[in-house]
Amino acid sequence: MSAPALELAPKAEGAVPALELEDLDVVYTVRGRDRQVLRGVTLTVGRGEAYGLVGESGCGKSTAALAIVRYLPRNGRVRSGHIRIDGQDVLARSGGDLRTMRAEAVSMVYQNPGTALNPAIRIGKQVAEVFTVRGASRAEATERAFESLKLVQIADPSSVMHRYPHQLSGGMQQRVVIAMALAKDPALLILDEPTTGLDATVEAEVLDLVAGLQAQLHTSVLFISHNLGVIAKMCARVGVLYAGRLVEEGPVETVLRDPRHPYTVGLLRCIPRGGVRKDHGRLDTIAGFLPNLGEDLPGCVFAARCALAEDVCHTEEPPMHQVAGGHLSRCHFHERAQTLPREESADLELPRVDRGASPLLQFDELGKVFQQRGHSVHALTGVSAAVWPGETLGLVGESGSGKTTLARTLLGIIEPSEGKVSLAGQQLAERLSQRSTDEVRDLQIVFQNPDAALNRRHAVRRILRRTLYKLAGLGGAAADERMLRLMHSVRLAERYVSAKPSQLSGGLKQRLAIARAFAGDPKLVVCDEPTSALDVSVQAAILNLLVELQAERQVSYVFISHDLGVVRYVSDRIAVLYLGRLMELGPSEVVFDGPHHPYTEALLSAVPTIDGGGRERIKLEGDIPSAASPPSGCVFHTRCPRVLGAICEETEPPLVEVEPGHLMRCHIPLEELRRLQRAPTETVRA
Amino acid sequence: MSATVTAPAVGRSEAKIARRETLGRLVRSKTFLIGSGVVLWWVFWAIAGSRLTPYDPVAQNFASLQPPGSGHWFGTDQLGRDVLSRVLAGARDTLEVAPLATLIGIVGGTTLGLVMGFFPGLVDEVLGRMIDAFLALPLIVIAVTALAAVGHSKWTLIAVIGLVFTPIVGRTVRAAVLGERDLEYVQAARLRGERAPYVMFVEILPNVMGTIIVEATVRLGYAIFAVAGLTFLGFGVQPPSPDWSLQIADNYALLNARNYEWTVLFPGAAIASLVVAVNLIADGLQQVLDR
């Protein structure tokens, strides 16, 4: 467990806390009615402390952040309660007073650094503004802006100061935002999902940076995230928010190891972690839905979804019980919260994958070159692999590694520049429009974002019936019957047939998208980050559904995800891509347990896990090189922590079968990797 | 799995409620209400025409150029016709020509925009440059030239204004289509083997309908202007119609010599009221549909 912040921070007893929320009620007025979004939230962030606020979307996390800086939307207001920053009552302030407080006492870092920076102002001037606002002269401000960029470890700060935001990568932009937030040495720093839009390796760097700065500057931090792993890495204490109420609070380690509220218990069980795989059974889920915004909840906010709930839970609001020192749970039955029965039975009969048979889908030496403003961008270079019936091939890699290009080339949405794709031994036409109906039907996709993937003007019935008509040739009553069977198999209730996508929740939309993909009984479905837009409890249900469909229908998946826990859960084999090249391919356990390719090793080490510990972080230096001018030799050598020397810079290693079924593209022999990766990490050049 | 236990019931009724909510927001929008009121007023008079006007709008029964007074609230013109009756009856031709011309422009422009937006590259490039060249000329010049060439009747007027609007609408629709064509539902349609016309008209068109509706109302305002302008120049509605701009054309020479401003003021105000009203409707629609 890495919580260096707390140990280093001076915990002066009796000092004024950085942030105090006391019985905070926030309401939004919608159509003339007050809807309660925060329900009596009480929490304290001590000086120099990092406090994590965690919860699923719609639970009120961001509302809390906005209320603290008095930046609620026009229809929102604090109905009762107190907010104190550094002992100062925030609600009593207004006008210039409030501006002074925002300028001096509190800083905020948002999820999307691209929109937090003004695109028309150079970085240097934007950062300097923080100082000029507070009365520094121009020259002094520029000087201090330079210093703060150095503080956030931006390479070459003097050149960065002359650049515009769009000329920086996402990770660099977020560093600039953090530099601006820290520049005024705020009493409280609010980080609202600061790394959610970033790649795992970049996320890890930004988190390391924030943790380091926090320890160094003793900044008090309110860290808002949906990701328990990130919270575990960054915070000393955590509060779990559900339906606007703080249901559990305590030291991070204690809450994650020994949760005492059924919601926390359920949430932790939803997350595929600790190497759990689909052949270990289904994931657990949380039944039901988040209550509607502002719903009247006389009893426990979680009662409607809680398997342990008794009559008293529906009528009487539980008080905050003290479980142990500093560990609080708002549950009548917190002693037995962990006896929460499984929502889903774990039993699952998976088909055996017979790799002796001929593969279902095979692609050889696939390459794709995009022409972009006179440059040739090599998005994909010589990628070969096969997928057997009933098997899941996981694709992992940072953004820009070619995962999506590969998936779309298989489907025929993008034509490859070279190489071929064959399905059940038959070579497929490169273009979708030249493929036969059968071939089109056999390869389908589930997209990442169901909002974009479903036509918002078409009702469920129309979406499914049209697909059945085109892919299965069904019309009339036969199509209706198949549509209902299909909806049943993805657990989309029949009453939704006339609903438009906007009337469905995120999880239901994704079920509809899955139903559409399965309408023609496909042989292989590409899943392109199908759960990354969803909350963890919904994610678990969707992953269960995909695995169940695989068990039922022997369908194969090509599964793309940046969440390694998710990939590990669903995949039989895993392919690791970097700059359009296959770096490693092998059975899931082998790729995860190692010895692995140095890139895979770095990727794995970058993921903040709930269980903590385990791996030493391997730092990857710099951003992914441009695919327009990939490095010579091994494309990974510019960032590889285990680089051997000249050979890596000059010769591209071949993809070799290092052990049965395990392919790797690295000059370092397998035995050497095994030794290096077992050895203590101090020997690693960082 | 009990993931659907407490889901709110949705279905046909829910869709109806959503539609009703959109309507409700429109009805609460003041700009929309005022605009619709004025337009409905003129539509009523266009239909009622001379049957309800105080006097026959084309009969030359009175002393010419009487100033507004108790007998003739808006006075009389130089041929002794009652200006009030002529203003009330004067909406008819405009309200026939402008909406039909707009319809042609919208249908043509939508098709053009869908094709340009859906086929990027050469098709879009070539059509786009042609539109640029076309729009470089003042519209009234194109219209006058075309009307002079084909001869002017009500139908040629409708056709010419409609055709002039087509590329303008096309450009707006193209921009909206560009925002849609890269969304994944378009790829999903292709992945079940849909052809281009289906994707354009069944998948994309409903999603750009809001833009098209707003564009149609804006164009209607311009069409009214175009009809008025061309009529004033003698290429539009022909006498003895009591059309507003025809009245202005008949009487504007009088403004030079003596103060007979009522002969021009009232029909002028009538045109303005209709154009402003249509634009108020466009604003109201835009606010509601752009949410």
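Visitor: Why is R491(A) called partly exposed?

Guide: R491(A) has 19 C-beta neighbours inside 10 Å, and a residue is buried if 20 or more other C-beta atoms, placed from the backbone, lie within 10 Å of its own, exposed if 12 or fewer, and partly exposed in between. The value of 19 falls in that middle range, so R491(A) counts as partly exposed. Its phi is near 60 degrees, a positive value in a residue other than glycine.

Visitor: What makes D23(A) an exposed residue?

Guide: D23(A) has 12 other C-beta atoms within 10 Å, and since the label covers counts of 12 or fewer, D23(A) is therefore exposed. D23(A) belongs to strand β1 (residues 19-30) of chain A, and although it is not a glycine, its phi is positive, at about 45 degrees.

Visitor: How do you know that H162(A) is exposed, and which residues does H162(A) contact?

Guide: The count for H162(A) is 11 C-beta neighbours inside 10 Å, so the exposed label applies. H162(A) sits in the loop between α7 (157-160) and α8 (170-183) of chain A. Two residues are in contact if their C-beta atoms, placed from the backbone, lie within 7 Å, and leaving aside neighbours within four places in sequence, H162(A) is in contact with R122(A) and G124(A). Its C-alpha atom is separated by 58 Å from that of P341(A), 179 residues apart along the chain.

Visitor: Why is helix α14 of chain A called largely enclosed?

Guide: Helix α14 (residues 403-411) of chain A has nine residues, and seven of them are buried, so the helix is largely enclosed by the rest of the structure. The buried ones are K403(A), T404(A), T405(A), L406(A), T409(A), L410(A) and L411(A). After α14(A) comes G412(A), whose phi is positive, near 90 degrees.

Visitor: What makes β6 and β11 of chain A edge strands?

Guide: The open sheet has eight strands in the order β6-β7-β8-β3-β9-β10-β12-β11 (chain A), with mixed pairing. Each of β6 (106-109) and β11 (321-324) of chain A has a single partner strand, so one side of each is left without a neighbour in the sheet. From one strand to the next, the twist averages 20 degrees.

Visitor: How do you know that β3 and β9 of chain A pair?

Guide: Two strands pair if DSSP finds at least two bridges between them, and strand β3 (residues 50-54) of chain A has four bridges with strand β9 (residues 237-242) of chain A, in the parallel sense. Within this pair, V54(A) stands opposite V240(A) in β9(A).

Visitor: How far can the confidence in chain A be trusted along its length, and what is its mean pLDDT?

Guide: pLDDT is the predictor's confidence in each residue, from 0 to 100; the mean for chain A is 88, and 96% of its residues reach 70 or more. Over residues 681-686 of chain A, however, the pLDDT is below 50, and it stays under 50 over residues 1-13 of chain A too. Where pLDDT is low, the predicted coordinates should not be read in detail.

Visitor: Which elements make up chain B, and what share of its residues is buried?

Guide: Chain B has 13 helices and zero strands, and buried residues make up 41% of its 291 residues. Along its principal axes, the C-alpha trace of chain B spans about 85 × 50 × 25 Å. Among contacts in chain B between residues at least 6 apart in sequence, 71% join residues at least 24 apart. As one example of contacts, I161(B) touches A101(B), A143(B), A223(B) and A226(B), not counting residues up to four places away in sequence.

Conventions: Residues numbered from 1 in each chain as written. Chains lettered and ligands numbered in written order. Predicted model: local features only at pLDDT ≥ 70, side-chain atom pairs only at ≥ 80, totals over all residues. Helix = DSSP H or I, 4+ residues; strand = E, 2+ residues; numbered from the N terminus. Axes fitted to C-alpha atoms, helices over the stretch in contact; angles between N-to-C directions.
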